[in-house]
Amino acid sequence: MKKVSLILKGTTQLKTRGSGPSATVYFIEVKSGTLPLLMGFLLSWTPFVCEQQILKEELISHLHPPKQEISVANCVFPFIYGDELHFNCISTHSDFDWCSLDFHFKGRWRYCTALDPPICVFPFQFRKKAIYECTKEGYILNRSWCSLTDNYNKDKKWKQCSPHK
């Protein structure tokens with residue numbers, strides 16, 4: 001059996017199109033030995049090396065998923081979606097509440113967060129007077145509420161205020 005000496009001359013990275021795996025190519029120089037024997041040895045390792053590279057790429061994508069961009073644009077309340085005026089986040093066609101970023105929904109939206117409750121409008125008309133803060137008037141559970149529009153009498157849109165008010 002003859003000895004084979006390999007001398008590493010360099011490496012380069014080959015990338016595939018898109019997000020496919022890359023491969024490292026090794027440039028070697030063969031010293032004293034038979035090339036067919038060496039090529040057989042190298043070819044026997046090729047599937048293993050390629051498989052390891054693919055597994056590594058898949059593992060990296062699971063451990064470090066791409067960051068999703070979350071819009072920080074403000075929700076627009078009220079907004080029109082599906083010919084209806086909405087005064088708070090909705091879950092229409094979604095498992096999670098979302099809001100429009102435009103008064104007339106144009107496809108720009110984002111998921112709602114705890115910071116996106118509908119906003120009280122002050123002053124608002126209730127019965128025959130103007131209300132300037134959350135009120136318990138007219139609410140049978142003795143909790144405070146406010147209008148989401150400037151005229152509760154007309155729109156009947158409201159939300160409960162903090163239970164501490």
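**Exercise 1.** Which side chain meets Lys129 in a salt bridge, and at what N to O distance?

*Solution.* The model is predicted: local features need pLDDT of at least 70, side-chain atom pairs count only at pLDDT 80 or more, and totals for chains, interfaces and linings use all residues. Residues are numbered from 1 along each chain as its sequence is written, and side-chain values use heavy atoms, with hydrogens and water left out.

Step 1. Apply the criterion: a side-chain nitrogen of Lys or Arg within 4 Å of a carboxyl oxygen of Asp or Glu. The partner of Lys129 is Glu137, at 2.9 Å.

Step 2. Glu137 also meets Arg127, at 4.0 Å (N to O). Arg127 lies in the loop between β7 (124-126) and β8 (129-131), and Glu137 in the loop between β8 and β9 (145-147), 10 residues apart; strands are DSSP runs (E, at least two residues), numbered from the N terminus.

**Exercise 2.** Classify the ring pair of Trp98 and Trp109.

*Solution.* Step 1. Rings of Phe, Tyr and Trp (its six-membered ring) pair if their centres lie within 6.5 Å; planes under 30 degrees apart count as stacked, over 60 as edge-to-face and the rest as tilted.

Step 1. The centres of Trp98 and Trp109 are 6.3 Å apart and the planes stand at 70°, so the pair is edge-to-face.

Step 2. Buried means under 20% relative accessible area, exposed over 50%, partly exposed in between (1.4 Å probe, protein chains only). Trp98, at 5%, is buried, whereas Trp109, at 39%, is partly exposed.

Notes. Helices (H or I, at least four residues) and strands (E, at least two) are DSSP runs, numbered from the N terminus.
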